[in-house]
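Subject: Handing over the structure

Dear colleague,

Here is the structure I promised to pass on, and my notes on what was found in it follow below. Please keep the sequence and the 3D view open while you read.

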Amino acid sequence: MNDAVLQAIRTRRVVRALTPDPVAREDLVTVLDSARHAPHAGNRRLHRYVAVTRPALLRALRMVSPGMLQRPTAAIVVCVDWARVSGYGFAATSPGPHVDVGTATATMLLAAHAVGLGAGPVTSFSRAAVGTLLNLPEQVRPELIICLGHPAAEQPPPMRRRDGTAWADVIQWDRG
Ligand SMILES: Cc1cc2nc3c(=O)[nH]c(=O)nc-3n(C[C@H](O)[C@H](O)[C@H](O)COP(=O)(O)O)c2cc1C
């Protein structure tokens with residue numbers, strides 16, 4: 001039993017209040033590097049990761065991302081190269097590339113937590129505007145942004161679950 005891993009999984013939370021201190025490049029590299037250890041469908045590398053540290057570019061990202069409630073001092077934009085997806089014979093509707101965005105993101109969120117950074121995923125943003133800001137090739141679509149920074153002492157309350165579903169209600173055993 002690996003207590004450290006379980007402990008990290010259980011204590012990670014989205015961090016939306018960040019200090020203005022910059023993220024050390026070494027920590028950003030550690031977080032980026034963790035994505036290569038995430039499981040990927042068919043072990044193909046159909047994703048591209050854009051690290052953003054320039055304050056003006058981070059501000060511009062915020063302007064086109066209504067879901068970005070934090071002021072990150074670094075960000076990782078997780079993109080899918082849809083030309084490579086079709087090159088591998090995957091249909092555009094294939095769930096693999098999107099699931100891979102999730103596995104890579106979950107792994108990077110845990111890595112950020114492990115190095116003491118605050119992190120939060122954002123999907124509420126204009127794909128077209130972020131693609132333009134980052135000068136991405138047309139076939140490379142930004143799918144999710146991980147905001148990073150140093151956690152502030154005070155955090156806003158976590159987002160409330162609207163339907164009040166208990167965890168026990170979402171797990172079912174041996175159906176059918
Ligand atoms: C696919 C995905 C998209 C998300 N998009 C946003 C977003 O746009 N803005 C935001 O503030 N949080 C976003 N979140 C974070 C969730 O709100 C957060 O994970 C949830 O409230 C549970 O909080 P916790 O991760 O701290 O347990 C997203 C999470 C996921 C997995």
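Predicted model: local features only at pLDDT ≥ 70, side-chain atom pairs only at ≥ 80, totals over all residues.

The sulfur of cysteine 79 lies 14 Å from the closest cysteine sulfur, which belongs to cysteine 147, and this is too far for a bond, because a disulfide is counted here when two cysteine sulfur atoms are within 2.5 Å.

Four strands form an open sheet in the order E1-E2-E4-E3, and their pairing is antiparallel. Strand E1 (47-52) and strand E3 (118-122) stand at the edges with a single partner strand each, so one side of each has no neighbour in the sheet. From one strand to the next, the twist averages 25°.

E1 is joined to strand E2 (residues 74-81) by six bridges, the two strands running antiparallel. Within this pairing, tyrosine 49 stands opposite valine 78 in E2, while histidine 47 has valine 80 of E2 as its bridge partner. On the E4 side, eight bridges join E2 to E4, and these strands also run antiparallel; here isoleucine 76 has isoleucine 146, in E4, as its bridge partner.

How many of the eight residues of E2 are buried? Eight of the eight are, so the strand is largely enclosed by the rest of the structure. In a regular strand the side chains alternate between the two faces of the sheet. In E2, Ala74, Ile76, Val78 and Val80 point one way, whereas Ala75, Val77, Cys79 and Asp81 point the other way, and all of them are buried.

Helix H2 (residues 25-34) lies across E1, E2 and strand E4 (140-149), and runs at about 25° to E2. Helix H5 (residues 96-114) also packs on the sheet, where it touches E1, E2, E3 and E4, and its direction makes about 15° with that of E4.

H5 has 19 residues and reaches 27 Å from its first C-alpha to its last, which is close to the 27 Å expected at 1.5 Å a residue. Its buried residues include Gly96, Pro97, Asp100, Val101, Ala104 and Met108, and what covers the buried residues of H5 includes H2, E1, E2, helix H4 (82-87), E3 and E4. Threonine 105 has its place in H5 and counts as buried, at 5% relative accessibility; leaving aside neighbours within four places in sequence, threonine 105 is in contact with Val78, Pro121, Leu144 and Ile146. Just after H5, glycine 116 takes a positive phi of about 85°.

In soluble globular proteins, nonpolar side chains tend to be buried together. The largest nonpolar core in this model has 21 residues, of which Ile76, Met108, Ile146 and Leu148 touch the most other members. H2, E2, H4, H5 and E4 each supply at least two residues of this core, and the largest share, five residues, comes from H5. Isoleucine 76 shows how these parts meet: not counting residues up to four places away in sequence, isoleucine 76 touches Leu28, Val31, Leu32, Tyr49, Val50, Met108, Leu144, Ile145, Ile146 and Leu148. There is also a second, separate core of 16 residues, which includes Leu61, Phe125, Val140 and Cys147.

**A buried glutamate**

Glutamate 143 and valine 80 are 63 residues apart in sequence, and yet they are 6.8 Å apart in space, C-alpha to C-alpha. Not counting residues up to four places away in sequence, glutamate 143 touches Val78, Cys79, Val80, Trp82, His98, Val101, Thr123, Phe125 and Arg127.

With best wishes

Key:
Residues numbered from 1 in each chain as written. Heavy atoms only, no water. Pairing = 2+ DSSP bridges. Axes fitted to C-alpha atoms, helices over the stretch in contact; angles between N-to-C directions. Contact = heavy atoms within 4.5 Å. Expected span 1.5 Å × (residues − 1). Buried < 20%, exposed > 50% of the residue type's maximum accessible area, 1.4 Å probe, protein only. Core = buried A, V, L, I, M, F, W, Y, C linked by side-chain atoms within 4.5 Å.
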